[in-house]
Amino acid sequence: MPQGPQTFDALAVRTWCGLALEALGRAREEIDAINVYPVADGDTGTNLYLTVESAAAAVEAVFAGHAMAAASAPPSLADAVRAMAHGALIGARGNSGTILAQLLRGMAQVLAADSESAHTDGPGLRLALRHAAASARQAVAHPVEGTVLTVATAAADAASDAEGDCGSVARAAYDGACVALTATTGQLAVLERAGVVDAGGRGLVAVLSALVQTFTGEAPRQTVGSAALPPHADGTPDAPDGTDAEACGDGAAGESGPAFEVIYLLEADDAAVDRLRERLDGLGDSLVVVGGDGLWNVHVHVDDAGAAVEAGVEAGRPHRIRITHFGLGDVHAGGAGRPPRERAQRAVVAVVPGEGLAGLYAEAGATTVLARPGEPPASGELVQAVRRAHALEVVLLPNDADLRHTAAAAAEQARTEGVRVALIPTRSAVQGIAALAVHEPERRFDEDVVAMTSAAGATRYAEVAVAERQSWTMAGICQAGDVLGLIDGDVAVIGADVTTTAETVLDRMLAAGGEMVTLVLGDETPDAVATRLEARVREAYLAVDTVVYRGGRQGALLLIGVE
């Protein structure tokens, strides 16, 4: 077999990322199928794959940038490992993916310390693996043995005793990880009951196998103790039949745990993140906060998803928020005797425009995809949300007319994976709220979809926003800075004051009748606006109820729904 490089340089980083992605691609379904701790939601392999995919794409972008600049030399080692770490950080998914991102960041901190160096050798790789394992442990609020943390520490310990070049060090780390992975079955009761190894650790072994192949040109034959076993195509060890674990986190195995997984990127300083850790630790478990230099990836399991998001808002600027409601068969592997891969019968997946609405939808049981202004989700993100919902039947709420084709493509993809999907063409988040209000998972799927569709269709929607530039509208010419009132997607009112414009919009909507008014305030909209509108409804429209929510950074100053 051809030999790879014996030092770790930018090209080796690129090769490693590509091989790791291939290895996790081959092992993804197997790892997904062995997922029992802390949540049996069957996505550890997928989460690890997506994390490494983001890391590999970032490294490729660095090489592409050098090629476009016609640089005579490839990127430096520091450039490549920083890109790898940053890509993993912003693309990290799930418990294990978040910890893997911190492992890669820990390695990068060592390998990029000398920005002028073109490569590192065996001792440098040993130091990087040691720092990676230590930093990953520090990122987890309550480390648990028998998880990916255990496997990473064992790999670093084995590498510390290795002599020679990078290939020798990588092989020692891989061997140590294999031994530790086998031992995880006896370290957590939930793994022992299922007769499996830890899923996150299993994924890390695949990544380390790719590291060995980078330097030797050949995927290693796995060893456990003194016995050599034939490897899988990616060089990773066999796992017992059964179901394995999402590695990391805290909480007693086998006990029922929080109902929601909350993940977001956060722009904040170190002091604010320290306070955030304390607050989130009191809200739930499986807390992992990774990153640094002003950008963090936050992962936690909680019962109050809104509070977890609000804590992020207080600490800094959260974005790319993902909230997943664990299905009945997924909550912290709870309920002895229940099949660990059991799917919920039905779930709702919704696109929402703000953090506050994401929390509201999640508390109603929906799996959410956050759409930031100017950043609409791709169909792949919606497919991932359907997978996270882990249900046999899914109701999809795009909550935006411009997302109807994206949502349709996601629904079609999910159907090919055996999920029954109904797409309700909601055009606003307030229509989605109306649909959720009548959602009843116990009734027949078709009946539930009809009721939700009817409720959404009976809800007129409006929004109040500020014009960004001069433009022709249905209501005349608007100037930059004008306050616009849009009803059912068309500009109906042009004004100078938010409250006055909102009142005019509300009056026009209620002129045709209504029983319920929903107001969703953006983060920059004062409470006085809602107070005035509520008073207006009480004064002029008898028997009409009003409910007010805070939507967060939703783009519009105000969303209005009239049912």
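Predicted model: local features only at pLDDT ≥ 70, side-chain atom pairs only at ≥ 80, totals over all residues.
In the model, local features need pLDDT of at least 70 and side-chain atom pairs count only at pLDDT 80 or more, while totals for chains, interfaces and linings use all residues. Residues are numbered from 1 along each chain as its sequence is written, and side-chain values use heavy atoms, with hydrogens and water left out.

**View A. Salt bridge between R14 and E60.** A salt bridge is a side-chain nitrogen of Lys or Arg within 4 Å of a carboxyl oxygen of Asp or Glu; the structure holds 24 of them. In this one, the closest N and O atoms are 2.9 Å apart. R14 lies in helix α1 (residues 10-32) and E60 in helix α2 (residues 44-68), so the pair ties together parts that are 46 residues apart in sequence. Helices (H or I, at least four residues) and strands (E, at least two) are DSSP runs, numbered from the N terminus. R14 is partly exposed at 32% relative accessible area, and E60 is partly exposed at 35%. Buried means under 20% relative accessible area, exposed over 50%, and partly exposed in between (1.4 Å probe, protein chains only).

**View B. Salt bridge between D293 and R105.** The N to O distance is 3.3 Å. D293 sits in the loop between β6 (284-292) and β7 (295-302), and R105 in helix α4 (residues 94-111), 188 residues apart. D293 is exposed, at 75% relative accessibility, whereas R105 is buried, at 16%.

**View C. Salt bridge between R444 and D446.** Their closest N and O atoms are 3.9 Å apart. D446 is partly exposed, with a relative accessible area of 38%. Both residues belong to a network of salt bridges that also links R346, E393, R420, E440, R443, E447 and D448.
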